[in-house]
Amino acid sequence: SLYFVRADQPWGEQGCGRILRSRFEAGSWREPELVMGGDGCYGDPFISRDGRALYFTSHRLDDGMRRDQDLWTAVRSPQGEWVDARPIDALNTDGYEASPVLADDGTLYFASTRAGGLGQGDLWRAEPTGDGFGSPIWLGPRINTPHGEWNLLIAPDESWIILEASGRPEGLSASGDLYISWSMPDGWGEPLPLAALNTTGSDLLPRLTIAGDSLLYTSTRVMGSRNADLFSIPLHEALAGIERPSR
């Protein structure tokens with residue numbers, strides 16, 4: 001199954017997204033079915049590797065619309081439906097939260113405009129506790145800058161992180177490019193651009209297949225495009241030409 005977001009407006013225009021799911025059967029992707037939408041705006045879906053939890057973002061409230069975008073989670077019922085959707089109140093603020101992704105040990109990584117960061121949006125992590133998550137931990141100045149850091153993907157073992165960042169000297173797009181950083185003994189290493197993926201358009205929302213061998217992402221390909229489409233590339237091709245720093 002592939003989970004993704006479809007917007008109700010062209011790329012770059014204000015609108016709402018719905019979370020859809022398409023199943024790969026008999027050699028082709030089936031017509032997408034609605035997972036969440038219609039009662040608010042939804043985005044950034046991430047499925048835990050055990051398939052039991054869905055993390056996403058939403059403006060939804062049970063009685064209307066939220067004031068800002070927050071982190072939400074839902075669980076899979078025995079019938080395979082996503083139920084008990086609720087905001088992750090321990091991590092949400094009056095700012096803007098986005099791109100929740102989960103490591104295998106239960107640590108949640110996400111982006112936020114909360115106080116304590118450097119720029120438009122910074123990346124944070126929150127370790128699991130018995131009944132939720134602990135206080136968010138800032139990922140530091142190698143990852144975060146006074147510009148924007150947003151969509152991200154964490155390796156299941158937290159050995160690397162792929163992130164969307166803008167305003168960096170080597171960037172191809174004012175809207176953001178994809179970078180990779182490896183975990184080092186003294187923290188995260190300097191992010192390196194994914195040259196095989198980056199374009200003059202918007203390149204964002206990286207995701208890893210369950211097998212771990214392919215990278216999925218979204219791109220407009222060229223600046224000014226009104227379409228943001230889904231792409232897939234073998235992980236080794238996405239990392240071609242990038243030398244991992246020695247530890």
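1. A disulfide here is a pair of cysteine sulfur atoms within 2.5 Å. By this rule the count comes to one disulfide, and the cysteines concerned are C16 and C41, with 1.7 Å from S to S. Because C16 sits in the loop between β1 (2-7) and β2 (17-22) and C41 in the loop between β5 (33-36) and β6 (42-47), the pair ties together parts that are 25 residues apart in sequence. Strands such as these are DSSP runs (E, at least two residues), numbered from the N terminus.

2. A word on the basis of these notes. The model is predicted, so local features need pLDDT of at least 70 and side-chain atom pairs count only at pLDDT 80 or more, while totals for chains, interfaces and linings use all residues. Residues are numbered from 1 along each chain as its sequence is written, and side-chain values use heavy atoms, with hydrogens and water left out.

3. Are the two cysteines buried or exposed? Taking buried as under 20% relative accessible area, exposed as over 50% and partly exposed as in between (1.4 Å probe, protein chains only), C16 is partly exposed at 25%, whereas C41 is buried at 12%.

4. T57 is buried, with 1% relative accessibility. Beyond its neighbours within four places in sequence, T57 has contacts (heavy atoms within 4.5 Å) that include C41, Y42, D70, L71 and E97.

5. E97 is buried at 0% relative accessible area, and R114 is buried at 13%.

6. Please look at the R125–E158 salt bridge too, at 3.6 Å from N to O. R125 is in strand β12 and E158 in the loop between β16 (149-154) and β17 (160-165), so this pair ties together parts 33 residues apart in sequence. Both residues are buried.

7. Finally, the sheet: four strands form an open, antiparallel arrangement in the order β10-β11-β12-β15, where pairing requires at least two DSSP bridges between strands. β10 (97-102) and β15 (137-138) are at the edges with a single partner strand each, so one side of each has no neighbour in the sheet. Five bridges join β11 to β12, and S112 stands opposite D122 in β12.

Key: Salt bridge = Lys/Arg side-chain N within 4 Å of Asp/Glu carboxyl O.
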